[in-house]
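The following exercises are to be worked through with the sequence and the structure in view. Each task is followed by a solution in steps.

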Amino acid sequence: LHLWHNQFTKKSMPILAQALRRTKTVKELDLSWNRIGNNGAKILAEALSSPYCVLQELDLTKTQIDDRGATYLAAMLPQNLHLKRLILNKNLIGKE
């Protein structure tokens with residue numbers, strides 16, 4: 001599912017997160033070039049922690065995530081059995 005460059009913000013993430021928790025068909029999600037930020041990353045990480053989330057690839061390139069957002073996503077990884085690829089290119093991770 002390609003949703004790149006759609007002006008999504010952290011306000012959009014609860015709806016998307018709810019869908020991720022319920023769908024069994026979306027395996028790839030491209031949210032690159034949206035303004036998700038750390039709060040959006042936290043909401044996504046919570047959804048990805050659900051055992052019902054079957055997402056295998058998530059592209060968060062240039063989504064205004066910094067170290068805090070990356071920490072939320074990293075904490076989710078041990079709980080997620082399906083995610084094989086997480087792309088965080090062109091973010092603010094490690095810039096401080």
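## Exercise 1: A residue of helix H1

Leaving aside neighbours within four places in sequence, Ala17 is in contact with Ile43 and Ala47. The model in which this contact is found is a predicted one.

**Task.** State where Ala17 lies, and determine whether Ala17 is buried or exposed.

**Solution.**
1. Ala17 belongs to helix H1.
2. The relative accessibility of Ala17 is 1%. Buried means under 20%, so Ala17 counts as buried.
3. The C-alpha atoms of Ala17 and Leu44 are 5.7 Å apart, although 27 residues separate the two along the chain.

## Exercise 2: The span and surroundings of helix H2

**Task.** Compare the reach of helix H2 with the expected value, and identify what covers its buried residues.

**Solution.**
1. Helix H2 comprises residues 37–48, which is 12 residues.
2. From the first C-alpha to the last, H2 reaches 16 Å, and this is close to the 16 Å expected at 1.5 Å a residue.
3. The buried residues in H2 are Gly37, Asn38, Gly40, Ala41, Leu44, Ala45, Ala47 and Leu48.
4. The cover over these buried residues includes helix H1 (13–22), S2 and helix H3 (67–76).

## Exercise 3: The buried side of helix H3

**Task.** List the buried residues of H3 and explain how they are placed around the axis.

**Solution.**
1. Gly69, Ala70, Leu73 and Met76 are the buried residues of H3.
2. Because these residues cover an arc of only 115° around the axis, they are on the same side of H3.
3. The elements against which the buried residues of H3 pack are H2 and S3.

## Exercise 4: The sheet

**Task.** Give the order of the strands in the sheet and explain which strands stand at the edges.

**Solution.**
1. The sheet is open and has 3 strands in the order S1-S2-S3, with parallel pairing.
2. Strand S1 (28–30) and S3 each have a single partner strand, so one side of each lacks a neighbour in the sheet; these two stand at the edges.
3. From one strand to the next, the twist averages 0°.
4. The parallel pairing of S2 and S3 runs over 3 bridges. In S3, Leu86 is the bridge partner of Leu58.

## Exercise 5: A salt bridge

**Task.** Verify that Arg85 and Glu57 form a salt bridge, and classify the exposure of Arg85 and of Glu57.

**Solution.**
1. The N to O distance between the side chains of Arg85 and Glu57 is 3.7 Å. The cut-off is within 4 Å, so the pair forms a salt bridge.
2. Arg85 is in strand S3 (residues 85–87) and Glu57 is in strand S2 (residues 57–59); the pair, 28 residues apart, links distant parts of the chain.
3. Arg85 has a relative accessible area of 46% and is partly exposed. Glu57, at 23% relative accessibility, is likewise partly exposed.
4. By this rule, the count is 1 salt bridge.

## Exercise 6: The segment after S3

**Task.** Determine whether Asn91 is buried or exposed, and do likewise for Lys90.

**Solution.**
1. Asn91 is placed in the segment after S3, and Lys90 is also placed in the segment after S3.
2. With a relative accessible area of 8%, Asn91 is buried. Lys90 has a relative accessibility of 61% and counts as exposed.
3. Apart from neighbours within four places in sequence, Asn91 is in contact with Leu60, Thr61, Lys62, Thr63, Gln64 and Ile65.
4. Lys90, a residue other than glycine, has a positive phi near 55°.

Notes. Residues numbered from 1 in each chain as written. Predicted model: local features only at pLDDT ≥ 70, side-chain atom pairs only at ≥ 80, totals over all residues. Heavy atoms only, no water. Helix = DSSP H or I, 4+ residues; strand = E, 2+ residues; numbered from the N terminus. Buried < 20%, exposed > 50% of the residue type's maximum accessible area, 1.4 Å probe, protein only. Expected span 1.5 Å × (residues − 1). Contact = heavy atoms within 4.5 Å. Pairing = 2+ DSSP bridges. Axes fitted to C-alpha atoms, helices over the stretch in contact; angles between N-to-C directions. Arc of directions from axis to C-beta.
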